[in-house]
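Here's a quick tour of ring contacts and charged contacts, written for someone who likes to check side chains by eye.

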Amino acid sequence: MNKKGIKALFAGLLLLSGLVLAVTHFGELEHFLTLLSHINPVWIVLALCFQLATYVALALVWRQALRYSGIRYPMRMLVPLAIAKLFADQALPSGGLSGIAFIVNAFKQREVSGQVSMGVMLITILSFYGAYALVAAASILVLWMHHDIHQWIIIISVIFFLFALAVPSGVLFLKNWGSKELPGWLVRMPIVSGILKVYAEAPEKILHDPRLLLSATTFQSAIFLLDTATLWAMLHALGQDVSLLFAFPCFIIASIVAMLSLIPLGMGSFEATCVGMLVMQGTGVETALAATLLLRGFTLWLPMMPGLWLTRRAFAS
């Protein structure tokens, strides 16, 4: 990790530490600990099932894209790769692009051609941003219809939609025009020339099948909904009888802020936003913090070690 990444991670850790300190100082620490000690284990098991399903959903995106190219790959081999991919996206936040090298390298090592691997990558990126834009728009609609929507949420959402449009547009630009429209000095850079080379390998026809893109976008949307369901389960485990629509905008807006912050692991930015959103909708501060930390335990820390191990294994020669 470079110095800029270390500084960003340190800033996130400070933000997270400050959040926990503020809650435990101004709230009742005894109440906070009591909440954690009375967790309903049934909801914890349900949350675990939701998280396992997220990896299956991403694996299904890849299986659909591979089948389009005439390759049948077993789910038992795709699910571990999905765990590593989701870990890579969180550890190196780049709007879902940090897993590009991982996908290509992992499939190439499994005797999948570079052309097919890049086709899978393109479908993954386009469906990810398509799904992200859909759930973001839906979360704004839910806030507008059922809850308060603040100006800062509108500003963050506008920035996100611009980002969500720019990334896939940039990907398609590199695919369709490549170096012809780029300055010569930029094309000669090793990193840029390498990206252009691998994008050029991606098959054009895979982008012209609306059914494949729709199917992949559906599975990507399911990942966001399953993560939302995990937060919903955490709130129920803490005794909060809330609907899924209550948790939905809290998770999505927090995810957007974490992505735009570019802090590794979304450390601090996700937690602060999620807690703030829950509190704005009437949840107690201690309950909001407990639910958010439990959510992060399932979505980030629990798969950390297997994700790290699987990523290292995928890149091993």
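Keep in mind that the model is predicted. Tyr132 is buried too, at 3% relative accessibility.

Now for a second pair of rings. Tyr132 belongs to helix 6 (residues 114-146) and Phe160 to helix 7 (residues 151-176), so the contact ties together parts 28 residues apart in sequence.

Trp43 sits in helix 3 (residues 41-68) and Trp232 in helix 10 (residues 210-237), so their pair bridges parts 189 residues apart in sequence. Both of these Trp residues are buried.

Tyr132 and Phe160 also belong to a cluster linked by ring pairs, along with Phe128, Tyr129, Phe161, Phe163 and Phe224.

## Charged contacts

The salt bridge count is two. In one, Arg296 and Glu271 meet at 2.9 Å, N to O. Arg296 is in helix 13 (residues 285-301) and Glu271 in helix 12 (residues 269-280), so this pair ties together parts 25 residues apart in sequence. Arg296 is buried at 5% relative accessibility, and Glu271 is buried at 1%.

The other joins Arg211 to Asp209, whose closest N and O atoms are 4.0 Å apart. Here Arg211 is exposed at 67% relative accessibility, while Asp209 is buried at 13%.

Notes:
Residues are numbered from 1 along each chain as its sequence is written. This is a predicted model: local features need pLDDT of at least 70, side-chain atom pairs count only at pLDDT 80 or more; totals for chains, interfaces and linings use all residues. Side-chain values use heavy atoms; hydrogens and water are left out. Helices (H or I, at least four residues) and strands (E, at least two) are DSSP runs, numbered from the N terminus. Buried means under 20% relative accessible area, exposed over 50%, partly exposed in between (1.4 Å probe, protein chains only). Rings of Phe, Tyr and Trp (its six-membered ring) pair if their centres lie within 6.5 Å; planes under 30 degrees apart count as stacked, over 60 as edge-to-face and the rest as tilted. A salt bridge is a side-chain nitrogen of Lys or Arg within 4 Å of a carboxyl oxygen of Asp or Glu.
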